[in-house]
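Welcome! Take a moment to look over the chain, and then let us walk through it together.

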Amino acid sequence: MNSLKLASLILMVIGLIAIVLGGLYNPQSAVVTMGPGEVKSFVFSMNKGISYTFQLKGTDYFTFYIMNETSYDRIEKSNFTDSIYSDTVKNTTISFVPPESGTYYFVIANVNSQGYVQVVLKYGESNGTIAIIIGAAFSISAIGVSFYDYRKNKRKEEMDEKCPHCGAPVSSSWEFCPHCGSRLKEGEQ
Ligand SMILES: [Zn+2]
């Protein structure tokens, strides 16, 4: 195995590992249907410094909140005011970096509509998407290196010998010299 083949194999392995790891962290989704005034919540264990992406798409306007355990405990008193993040939207993507590692609550509330609202929630670590992009880049590089290696070897194979009769450059895979017509592989059938 030459160094280019080894390089392309290493690039491909790194690329595929990154794609698999990225896929494990990649968005999961949930479909939430809420009647008027209804609230649904999701619990996440999040790590400080990691960016989490939430993508929300509703059939109508809804309000969502990100809460820590302290603010979530106050929901029963109908107090949503001390949530870490809140917004009223129909369709949005937000990135959330937790200030501390711990348990967080993602709360979706139908307080704006008289009817049912369905929200599609997708969530995951942003790092997962980055890993997939890096993995794809490595894999494409590996294909590029393999192709370069193939071209290089092919060119080398084309003219790797000289005809013993006329001295013209010939390939070892040829049976006859195209210049003088003499047989190149003596005794081979
Ligand atoms: Zn010849």
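## Starting with one residue

Phe64 is found in strand E3. Here, helices (H or I, at least four residues) and strands (E, at least two) are DSSP runs, numbered from the N terminus. Residues are numbered from 1 along each chain as its sequence is written. Please keep in mind that this is a predicted model: local features need pLDDT of at least 70, side-chain atom pairs count only at pLDDT 80 or more, and totals for chains, interfaces and linings use all residues.

Is Phe64 buried or exposed? Phe64 is buried, because 23 other C-beta atoms lie within 10 Å. The rule behind that word is as follows: a residue is buried if 20 or more other C-beta atoms lie within 10 Å of its own, exposed if 12 or fewer, and partly exposed in between, with C-beta atoms placed from the backbone.

Which residues does Phe64 touch? Leaving aside its neighbours within four places in sequence, Phe64 is in contact with Leu56, Ser86, Asp87, Phe106, Val107 and Ile108. Two residues are in contact if their C-beta atoms, placed from the backbone, lie within 7 Å. Lys40 is 24 residues from Phe64 along the chain, and their C-alpha atoms are separated by 9.5 Å.

## The whole chain

Now let us step back. The protein chain has 3 helices and 8 strands, and along the sequence they follow the pattern α-β-β-β-α-β-β-β-α-β-β. Of its 189 residues, 16% count as buried. Among contacts between residues at least 6 apart in sequence, 73% join residues at least 24 apart.

## How the strands pair

Next come the partners of E3. Two strands pair if DSSP finds at least two bridges between them. E3 pairs with strand E4 (residues 85–96) in the antiparallel sense over 11 bridges, and in E4 the bridge partner of Ile66 is Tyr85. E3 and E5 also run antiparallel, joined by 6 bridges. In E5, Phe64 has Ile108 as its bridge partner, while Asn68 stands opposite Tyr104.

E5 has another partner too: strand E2 (residues 39–46) pairs with E5 in the antiparallel sense over 8 bridges. One example to find on your screen is Ser41, whose bridge partner in E5 is Val107.

## The nonpolar core

A nonpolar core is a set of buried Ala, Val, Leu, Ile, Met, Phe, Trp, Tyr and Cys residues joined through C-beta atoms within 7 Å. The largest one here has 18 residues, and those with the most contacts inside it are Phe62, Phe64, Ile108 and Val119. Strand E3 (52–68), strand E5 (102–109) and strand E6 (117–125) are the elements that give two or more residues to this core. Which element gives the most to this core? That is E3, with 8 residues.

Not counting residues up to four places away in sequence, Val119 touches Val32, Leu56, Lys57, Gly58, Phe62 and Ile108.

Ile84 lies in the loop between helix H2 (69–73) and E4. Ile84 counts as partly exposed because it has 14 C-beta neighbours inside 10 Å. Not counting residues up to four places away in sequence, Ile84 touches Ile66, Met67 and Asn68. The C-alpha atoms of Ile84 and Tyr65 are separated by 7.3 Å, and these two are 19 residues apart along the chain.

Finally, look for Glu175 in the segment after strand E8 (169–170). Why does Glu175 count as exposed? Glu175 is exposed because it has 10 other C-beta atoms within 10 Å. Leaving aside neighbours within four places in sequence, Glu175 is in contact with Arg183, Leu184 and Lys185. Glu175 and Lys185 are 10 residues apart in sequence and 5.7 Å apart in space, C-alpha to C-alpha.
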